[in-house]
Amino acid sequence: MNLQKAIEPQNNRQVLILCPCSAESPEQLQSLAKSILDLKPDLVRAGVWKPRTRPGQFQGKGEPALEWLTDLKQEFGLKVCTEVANPKHVELCLKAGIDVLWIGARTTVNPFYVQEIAEVLRGTDIPILVKNPMNPDLALWQGAIERFYAVGIQRLAAIHRGFSFYGNSIYRNVPRWQIPIELKRQWPEIQLLADISHISGHPENHLEIAQIAIDLHYDGLMIEVHPDPQNALSDADQQVTPEFLKEGILNKLIYRKHKTENQIFNQQIENIRSKIDGLDQQILKILSERMALARQIGIEKNKESISIFQPDRWNQIVGQMLDMAKEYSLSEEFIFSLIEAIHIESIHHQSETMNRKHR
Ligand code: PEP
Ligand code: MN
């Protein structure tokens, strides 16, 4: 793919996309625009049609709000973007002169919707920002980007907004950083932006998420800002005031260099990395020994016709490992995922040993 930058950042810095979750009134947008003008945002965002999880919630102000956005172009010289979820939205945005469109997580998830939207964009060159799908599926995210590329859109960016999950987490949408990292590994030329508001869900976690995104070399940030977050018509819990945006987030971010010419430092890092490589080799060797033992158990279980999965034994392993996690200062979340992955691999090895003769 020959991707171009969707957004050319001002002064060669990070892309900054600001403004509210939803366009609520012309006054709300005007007041926000004034208070963030000094930050020189590359793009102003506001949802006009809102995809809500449950019916009966605020659905967005619809078509009339497009003009409120385009007024910001004339008045403040800002570029504006909004979410489109169907071909009609696209037509209205193109007619109104919206500069950039974004595809929401609930749309990226469905190839039919994405294809329909892509078809009406054929022949245009408006930049498109594609949010990750709700579910942690890298191929689906890439597929949506490819559908836009296939109709001739080259200015494409990916927005990481986290992934849906069931259960407890400090995040509104779990980040699963490994997915955008893998996207960037496969497509280094794609602009990758972090929508920290939808990942974090609460202002107290915004800074941490934004800092991680910067440390992972993201190309920019999208942040929801509202003049009066508590009374916002959508996503009230995660929107921040312009003051908090500046003092609580942007001014606190640390921009670190990617590389250095300092030879002493580079040598030190090299030494530590070679120790890490040595440990990684040992981990693999130990894992392979563990799998050999799993196969031995498979042979014995087969003789007695005992089933592979033993819930009591699994509970015992999880308990032991979680206790040890504390002792070694490793997070329970990490150790649980690790032992789960090892357990699944052990089951595969046992299953191969036990079921080989039936194949
Ligand atoms: C939004 O950006 O306000 C929005 C609805 O986003 P998402 O598609 O990521 O939920
Ligand atoms: Mn929102």
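Q: How do the residues of the lining of the largest pocket divide into nonpolar, polar and charged?
A: This is a predicted model, in which local features need pLDDT of at least 70 and side-chain atom pairs pLDDT 80 or more, while totals for chains, interfaces and linings use all residues. Residues are numbered from 1 along each chain as written, chains are lettered from A and ligands numbered from 1 in written order, and side-chain values use heavy atoms, without hydrogens or water. Ala, Val, Leu, Ile, Met, Phe, Trp, Tyr, Cys and Pro count as nonpolar, Asp, Glu, Lys and Arg as charged, and the others, including Gly, as polar. The lining divides into eight nonpolar, five polar and three charged residues.

Q: What is the volume of the largest pocket?
A: A pocket is an open set of points on a 1 Å grid where a 1.4 Å probe fits, with protein on both sides within 12 Å along at least five of seven lines; lining residues have an atom within 4 Å of a point. Of the 16 lining residues, Ser 169, Val 174, Arg 176, Glu 333 and Ser 337 are the closest to the centre. The volume, filled by probe spheres set on the points, is about 480 Å³.

Q: Which helix gives the most to the lining of the largest pocket?
A: Domain bounds come from an automatic or database assignment, and the lining draws at least three residues from each of domain 1 (10-252) and domain 2 (263-358). Helices are DSSP runs of H or I, at least four residues, and strands are E runs of at least two. With five residues, the main contributor is helix H13 (residues 332-355).

Q: How far apart are the C-alpha centres of domain 1 and domain 2?
A: The protein chain is divided into domain 1 (10-252) and domain 2 (263-358). Their C-alpha centres are separated by 40 Å.

Q: Which strands pair with E5 in the parallel sense, and over how many bridges?
A: Pairing requires at least two DSSP bridges. Ile 103 stands opposite Val 130 in E5, and Leu 129 has Ala 157 as its bridge partner in E6. The parallel partners are E4 (residues 100-103), over three bridges, and E6 (residues 156-160), over four bridges.
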